[in-house]
Amino acid sequence: MAGGLCAAVAFAPQGAVAQTQDQGDSAQEQAEQADDDRQPQQPGQTEQAQPPASEEPPPTAEELLPSRTLDDLIPPSAVEEASEWAQEGAVSVPGAEADVEEVAEAAESELASQPDPAIAATLDGFEIPEPDRLEPAEDGEALAQIDAPDLIEYPELEEFRISDELVLAFPADSDAFPERTDFLTRFDALSTIEALESGDDTVPQLAARARADEELLNEMLRVYGYYDGEIARQLSGGRRGDNGDISQADTDPQVRFDILPGQRYSFGVVDLGLLDTAPDYEALRRAFDINAGDPLQSDRIVAEEQDLRLALGETGYPFAEVDAPSLLIDHARREGDLSMPVEPGGKYVFAGVVSSDQPFLSGRHLTRIARFDEGDVYQASLQADLRRAILATGLVSSVALTPREVAPPENGEPGEVVLDAEFERAPLRTIAGAIGYGTEDGIKLEASWEHRNLFPPEGSLKLRGIAGTREQLASVTFQKNNFRGRDQVLTVDAYASDIETEAVDARTVALRGTFEKISNLLFQKPFSWQVGAEALYTDERNRVIGGIERDRQTYKIFGLFSSATIDASDDLLDPTSGYRLTGFLAPEVSQSIGTETFYLRAQADASYYKSVGSTVLAGRIRAATIQGAEAFEIAPSRRLYSGGGGSVRGYAFQGIGPRNDLGEATGGGSLVEVSLEARIQTGFLDGAIEVVPFLDAGSVALGSTPDFRFIKYGAGVGIRYKTSFGPIRVDVGAPLNPTEFDAPVVVYVSLGQAF
């Protein structure tokens, strides 16, 4: 190849297929001539040798053979058949109607441009066969009689059947095309034949789709760096039936592509502009892992470009600019020179956050909830995280963060940037109401009013009231989100209630305060905690169901409490793997009828999740105890009970535990619960429905040590409907060893898994 052929390939930002522009008409003509020179011969053809310059040229066709017309070469039956196909619409030419005479003229022109087989065999030093030796013979027997030397041999091919209509063949040696598996998967997803296959495809339809797939295959070979590849397309089957109906085929039509990738090109010069001026050049260059001599692949260019952009954003370059890559193909060298201009723009560190609405959400508060400190190297991911955190407050409807230089880099030291936060306020007041009925709760009306930023920043006030047949409540709650740190919440709640449950009838006035580090949907934390204190004045008794009234007893209770959770699961609301561990401690002091009692409430929970195919196996265990006092010395609302949707399903809330002679639940001093379930994914609604069989067990003992005297079992099945905010749960449970106080079936509805 005298001057070689170069082509420029420009890559779209999304990694679209590159387009090639030839560099000059003369170069194109040279490449076409070179391509003609290296075209492999089809099996059964001989290579045409050029006679030496000193010898006379071989005789012409007119001198060797009598003149032959189209009628001599094409039998009349073939012409009649072509006419019938055209009349029946089997031949379709876009923009024109089929014409037998035009088809014949085109065939004659095509034959005139190709040498007769006898002429093709006119090689220097070989005998010219007589015309009578060119009579048709099976399997090309006439041509096989010619002893032609140096035939180009195709490699052995291995077939891969994509479908009944489509077969691809590659060199049997996998080293000749190591990307074959990925290539096949990709082609199957993009193939026109596969996309439009109906089972009743006609030959013309399949032929048109085959041409589109041939273009796709050539395009894909170039994506993988094979710019000299060759593809042979064959269409077989679908011939006319015996009755003349073209819809009756001897065999189903099938397309076969023989793919010869050829030699794979490699990367030549890699030009990344001014990237070498960045202080972190070595690390950034490793992020863009393409070097001269690497096998050429367009997908890799797009992937490495994204890796470089990510590396620039994560190592302190907020103003970096990366132009779209371009590839210059040199066919002479079989290399592609890659150019992707990069302007790093200097390295920077964070210098704070500036708010566009200081009284509403101050820059100081935004800096506090950011996951970076002043002086930390700029990271685009931390900027994006802060934006999500501001949106999660619920106080703004939109927010934009823009880096702004406040000090340029100098003397080898990074510059400083602040993040300008511009946002729009969201509606801050909410009025909500609900009405419902439950077999345990009876009729319930609930209403609330909330202002989410009455005490800026992020200080909310909520008023809530409940009126029902078994519960009445009035509460005032103050809450400060992101208090002195990200995801830290301070809550103060004052309430008065009159509640009647399965086991307790209590009238309470209380003040409760908590400070906690919470795990949420935005950031599920591996460790969370809570500390708090509460003071209660309560007048209560165990619920009377035997008809004998008992006096209420007044308790004054003050307690501290704390909990900690280790969460190694993969999802907050719908875990499929991992585990969770939670511990709870609450020392309390209680005064009642002139006596004072000190005791400690303690509880431990553990759950484990394991995926097995499309099923998640889940298990839970809970153990709790009250140390330092007998159960009857403690207020009924502070004792331990079991049963309910988050406990032992099949039983009512607080329906499991010791009972007195009248059948009234009294609660106990220790508790053990175990739950097992299988969350089986189904194919309904694209896998959004799960069927969940479960088995639960629970026991409550009078003393502080479990004795399993009152153990109960429950079983049932549930349905989970998965949504973007978590699964909706419906469980139907039945007690396996019920008492006269237990219902035969209990239904639970909630958001999230049972555990």
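**Note on the predicted model**

1. His365 is located in helix H13, which spans residues 363-369. In this predicted model, the residue is buried, because its relative accessible area of 2% falls under the 20% cut-off. Leaving aside residues up to four places away in sequence, His365 touches Pro457, Glu458, Asn481 and Asn482.

2. An open sheet is formed by three strands, in the order E12-E14-E13, with mixed pairing.

3. The pairing of E13 with strand E14 (residues 415-425) is antiparallel and extends over 10 bridges. Arg404 stands opposite Val418, a residue of E14.

4. Helix H14, comprising residues 380-392, lies across E12, E13 and E14. The helix runs at about 145 degrees to E13.

5. As to confidence, the protein chain has a mean pLDDT of 81, with 77% of its residues at 70 or more. Strand E10 (residues 335-339) has the highest confidence, at 97, whereas helix H7 (residues 141-144) has the lowest, at a mean of 34.

6. Two stretches call for separate mention. Over residues 12-56 the pLDDT stays under 50, and the model has 56 contacts beyond four places in sequence for them. Residues 58-151 likewise have pLDDT below 50, with 62 contacts in the model beyond near neighbours in sequence. Where pLDDT is low, predicted coordinates should not be read in detail.

Notes:
Residues numbered from 1 in each chain as written. Predicted model: local features only at pLDDT ≥ 70, side-chain atom pairs only at ≥ 80, totals over all residues. Heavy atoms only, no water. pLDDT = per-residue confidence, 0-100. Helix = DSSP H or I, 4+ residues; strand = E, 2+ residues; numbered from the N terminus. Contact = heavy atoms within 4.5 Å. Buried < 20%, exposed > 50% of the residue type's maximum accessible area, 1.4 Å probe, protein only. Pairing = 2+ DSSP bridges. Axes fitted to C-alpha atoms, helices over the stretch in contact; angles between N-to-C directions.
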